[in-house]
Amino acid sequence: MEYGYVRVSTKEQNEDRQLAAMREFGVEDDCVVLDKQSGKDFNRPGYRRLMRELKAGDTLVIKSIDRLGRNYDEILEQWRLLTKDKQVAIVVLDMPLLNTGQGRDLTGVLISDIVLQLLSYVAQTEREFNRQRQAEGIAAAKARGVHFGRKCKNRGKNYGTVMAAWRRGEISGRAAARELGVAHGTFQRWCRE
């Protein structure tokens, strides 16, 4: 049986290119498993389901090695688990040199192992670069005055009056929060600021 595995990192990313490659290779649509999750590890619902489905003699088709994952050690471990333990053939559409189908001689296995290690390293390095670029972008945006997170709740027109009454002890914190239309915890946070 042939299975396809498609992964994109976020729900906003488009998987159409990978799905088209699966169809072109001949994988049936109902045999394609899709995950919309980071490749940092293999704790993905679709991948876990796929691992339960795969049996000895099956073939797993992926578009490229980074679609399998982006963690060097885990890619190598999953590759070993698939090819040695489960005895599943792997087809990497963008890198046929990695294909593990029948008829591979010892030299072919050696070359594919070396290429796999190199590509796994590149996949993890790219993930680390992405995280570094993201952190740099956030720092630059903060330096420009961009604020992240939820916007502050509007304190209302009578905030000053209510706060002054609370400080004088004329009303309780809960009463002040009700007057301002916010939760008591929100009012307490405003008091600490």
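Modeller: A residue is called buried when its relative accessible area is under 20%, exposed when it is over 50%, and partly exposed in between, with a 1.4 Å probe and only protein chains considered. The model is predicted: local features need pLDDT of at least 70 and side-chain atom pairs pLDDT 80 or more, while totals for chains, interfaces and linings use all residues. Residues are numbered from 1 along each chain as its sequence is written, and side-chain values use heavy atoms, without hydrogens or water.

A search of the whole structure finds nine salt bridges. The term denotes a side-chain nitrogen of Lys or Arg within 4 Å of a carboxyl oxygen of Asp or Glu.

One of these pairs joins K63 and D94, with a distance of 2.7 Å from N to O. K63 lies in the loop between β3 (59–62) and α3 (65–68), and D94 in the loop between β4 (89–92) and α5, so the pair ties together parts that are 31 residues apart in sequence. The labels refer to DSSP runs numbered from the N terminus: helices are H or I runs of at least four residues, and strands are E runs of at least two. Of the two partners, K63 is buried, at 14% relative accessible area, whereas D94 is partly exposed, at 42%.

A second example is the salt bridge between the side chains of R23 and D29, at 3.0 Å from N to O. Here D29 is partly exposed, with a relative accessible area of 48%, and R23 is also partly exposed, with 46%.

E126 and R133 likewise form a salt bridge, their closest N and O atoms being 3.0 Å apart. E126 has 31% relative accessibility and counts as partly exposed; R133, at 43%, counts as partly exposed too.

Of the 193 residues, 37% count as buried. The C-alpha trace spans about 85 × 35 × 30 Å along its principal axes.
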